[in-house]
Amino acid sequence: MSVDTEGSEVPTRPPVRERLASPAGKLVVGVGVVVVVMSALLLAFGIWWPNASLPTTASDTEDAVKSTILVFSIAAAPVMALVWGIGYYSLRHWRHGSGDEPPEDGPPLRGSNRIAVGWVVVSSVLTAFLLVWGLSELTSTTTLAAGAKPLVVNVTGQQWLWTFSYPEDGGFSSPDLTLPKDRPVVFQVSSLDVIHSFWLPEMGIKVDANPSVTTTVSTTPTLLGTFQVRCAELCGLNHSYMETTVKVLDGPAFDAWVTAHGGKPDVTAAGGTSNG
Amino acid sequence: MAETTAVRPAPAPTSSGGGIMRRLNLGTGLLAGVVLAAVAWFVGSAVWAGNDKATDQAVIAAEIGWVLGFLIGIGAFVAPIRWMLGKDPSHEDEMFLAGKDQGVGRYFRFTTDHKVVGVQYLVLAMTTFGVGGLLAMMIRTELAAPGERIFGGEVYNSLVGVHGIIMIVSTIIMVVGPWGNFVMPIMIGARDMAFPRLNALSFWTLFPAVPVFLSIAALRGIPTGWVAYAPLSDQAPPGMDAFAVAIILFVISSGIGAVNLIVTALTMRARGMTWNRTPIFVVGVVATSLLGLIALPCFEVAMVYELLDRSMEASFYVPDQGGSQWLYANLFWLMGHPEVYVILIPGTAAVLEMAPVFARKPLFGARLAVIGIIALVALSVLVWAHHMFVSGWAPTLAGPFMLTTELISIPTGLIFLVLIGTIWRGNIWTRLPMLFIYGFLWNFMIGGVTGIFLSDVPADNELHGALFVTAHFHYTLLGGAMIGAMGALVYWFSKMTGRMFDEKVGKVSFYVVMIGFNVTFLAMFYNGLAGMPRRVADYQPQYEIGNQISTLGAYTIGIGMLLFLYAIVHSWRHGTPSGPNPWHAKTLEWFVPSPPPLENFEVLPVVTGDPYGYGEVDTHHTTHAGAISGPAGHEGADS
Amino acid sequence: MNTLVGAVGTVAVGAVVVGAAALVLHSAPTEPPLLTATVTANSSSTPGVTSEASLELATYGDSSQITWRRTNGGQGPHDWVSYGPTTNLQVPSHSLVTVTIQQYDSGEPIPNTFLATVQGTVGGTMTVDGKTVSQVDSESIGHTFTVHNYPSSTQDPLYINVPLPAVSDDEAEAADAAGRLTKPHVITFQFVTGSAGTYAWNCEFPCGDGTYAKFGDAMSSYGYMSGTLHVV
């Protein structure tokens, strides 16, 4: 105990080591170890699983989706570890068996305002972070870069088939999709009958195809190759087979494809500029 | 002047002991239902013959005829008709209606005793869950191998749709039906519910809906999922009409039940039971009922419009005739999101009710739990369009709905805080209900976190309509709410039946279900992320391994559930007889015999404290149950 | 011991119920019989082709001509439009397949005019009553024969769309009055199959009268206007 200027004794808290060695301190350390270990495991899983399971990244939108899932996994890991850690620790240390008679009553802890407020504050902060992240991703994935002249593709869904047409490249149609790399594309999607959903899994975009309404979605393909187009809304008998391919070609190859289909390549397009 | 004539009330009518009321039962109900359905079918076919919609109209007429006939035949309208004719029921009549001295027969008629209705709901919930589970086995069988046509797309779509709706109905009634009806009135110190006849009506309105659901199979099925999106539902075979009629029945039934539960909890609590002393389970049941009352009618309206579209050439949902498919989607999801909380809250409240008993500690932050439940109810009506992020409807609302959806994680977090706060430093009694509490903790955490992923709009654009969503809601509804429901069943089993639940078989079934469940749906998360759509009968080869794992896991769940079923039946017939309070719990239902007598309490209790006073020596916090007949009624009351 | 027997017994009974339900659901809707293409020796010089095969199909205005439905009872009404003799087709892999379709039904304009063009066949053409064309009048289509591409790591892409022109309304009326079948259009086309695989095919012309978007009833019921193409 220290003595202040007026001579009366002011209690000070014991040093940290002593506090940690106390029963309450041992408890906190014990649980802390469990929670940290669980966090590490969950973090490792959370960092690994997005890339291990999501499809190839073929567009900037898919990139944004992957980083969102990664960030959310990382944010979730300590929360899950805390809850599960406390549950597990409790079971290990205070388990009193499954006899016919109950064990003695535990301590009458009815609540703690500090813990409640702390919990609400932390969860609100976390929620706010997720929200800000989400809103910024939403804005960036739905805003086309300034000055970009996007390729417009009309997508028509019907039971059980997609038809694609290129209104600004001569108005021809095709049963499968071909896109130029690194050029923003805007899909104008509609349906001839029931609700379908136009989904490019590797490009992370999806929008419903509705009858009598045109919905829009856009992205920029960033990888050459052949990817999938799927229907993601149950539309009847052959919904499972409402799939086709999307081929991403580089600029000149795409122009050649357009010409081969009887269209006229759009030479004013800002092709080849991938602005990340 | 000192003489006063005592005016006595007119004597109550005495029953003749016979009468139509005593002759009506389930059998007469089925008979009358079938007869009226047939009459309605023939009349309907004749009246509306020769137009495109004739079959739909005849089907709707037949289904309505079935239900009305059934209700007439089981005697649901006897009391109102007698009232209209001035022939009020006598005391003997009312006791007959309550099932007095009728043995097992009382479960097969229009019995008003809340305990009978509770048992009836339990059997119905188990039956519908069994049917839904059977359909799930079929679905997983089809998905076991790509490229194979085991049932084919048409049958598969119907399997998926009917599995979905039957499971939704089953999980909605699963906790509130049996335990809200059986336990809650006793838990609040009442003799019955506020409206006993409506109680019976709510059950017997739901009962005929089940054959209506099953008749979908005979009417060429449904091509939609349980969400029955228009305009695909407009295109559907007559099975869609049966679906719509069944939904309308279900919503009417749950509305009646919800009103009953709310009024009972509000007005019939025992003397001294202020809201601060009300068990959390009661709070959960009231919150659920309120939410269901607000939300479920949207589904009913959506289905009425659907029936009009299909049978009377209305154009609510047909875009090129002035309707909108988005009208349907909004109506549906205005129901659909609150509805998942209607499923979740009772299971959660049951888990919160059991946690103090098996940790021998007060409910940690009980007020936080109440706040959490109320906030869940309030927020859940504000998030519906997160199911429509990719629909193209109102893109400017994506941000606001993302906000409200992510806000829901805060009250959910409060519930977790209360649960782990109760378990922390408790003396954990690892009897079977405690296992279910831990199961809930594991599963619901995963379900909740994956919901956060889906609430982010760009992520949802990738994950919507794929198996990630399916795995998410199975984790919350099956892994959370239903595990809680199973725990509730084990917990209150002895109160309902007077016998202890067989914990050896129960524990084995718990582990089998948990392992099977996690295997099934973790593999499904993977497949969903990898791009496999939902509701597909066939898939690309890269999803084969995940699907095979899910199928094996699903069969394992099936085995576990069958074991649980065996445990239920075996314990009901041969279980160890139990005393009134085997768990040494403190809520009022544990101070009456197991099973409780017809009038629950000999003397209605007076409550002086809340039921979570574990570890508290001060008797001000314990609950007095008043004088109770029966052995060992007071044991554990003051511990 | 009793408990063990009871528990295992319950699981066994449950498994039997599941198995029985699967069996009923599998066999209840009668599967259309399999029509195997007639295989002949390869006389073409197309690379990757090892055989030739031919299939004969027809499209009718109602299912009274479909033998297997008449004899089996089948499922569903007998007055719906239907492909015949069946919709379950089998062709060899790496084969030049020639399909002949007798189109007996009348028709209407097709909503998606792109499907009035021939796609995926050899040369992108077909013959209609002897004339080689690469598309038909989109105002008068009876049905289409459309094979859904379902390329994967285990099967090659295969997409075909053949529009089948409608029988004129006059001819349809005359045939109706005389109680005979209409004089059909005869459409022939060829396509080359790749590796073995299973593909779904269906008619993409909305001919399910009386239903929303005319894609209900026959169009949404397996075995009428939709089927499976097995490449073996």
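How much area do domain 1 of chain B and domain 2 of chain B bury between them, and what percentage of it is on carbon and sulfur atoms?

Modeller: The model is predicted, so local features need pLDDT of at least 70 and side-chain atom pairs count only at pLDDT 80 or more, whereas totals for chains, interfaces and linings use all residues. Residues are numbered from 1 along each chain as its sequence is written, chains are lettered from A and ligands numbered from 1 in the order in which they are written, and side-chain values use heavy atoms, with hydrogens and water left out.

Domain 1 of chain B and domain 2 of chain B bury about 1,600 Å² between them, and 77% of that area is on carbon and sulfur atoms. Buried area here is the accessible area (1.4 Å probe) that two parts lose on being put together, summed over both.

As to the two parts themselves, the assignment for chain B gives domain 1 as 2-9 + 24-90 and domain 2 as 113-574; such bounds come from an automatic or database domain assignment. Their C-alpha centres lie 31 Å apart. To the contact, domain 1 of chain B gives 16 residues and domain 2 of chain B gives 21 residues, where contact means heavy atoms within 4.5 Å.

The side chains of Arg310(B) and Asp56(B) meet in a salt bridge, with an N to O distance of 2.9 Å.

On the side of domain 1 of chain B that touches domain 2 of chain B, the elements that give two or more residues are helix 1 (26-47) and helix 2 (54-74) of chain B. Helix 2 of chain B supplies the largest share of that side, eleven residues. Helices (H or I, at least four residues) are DSSP runs, numbered from the N terminus. By type, the residues of this side of domain 1 of chain B divide into eleven nonpolar, two polar and three charged. In this scheme Ala, Val, Leu, Ile, Met, Phe, Trp, Tyr, Cys and Pro count as nonpolar, Asp, Glu, Lys and Arg as charged, and the others, Gly among them, as polar.

Notes: Salt bridge = Lys/Arg side-chain N within 4 Å of Asp/Glu carboxyl O.
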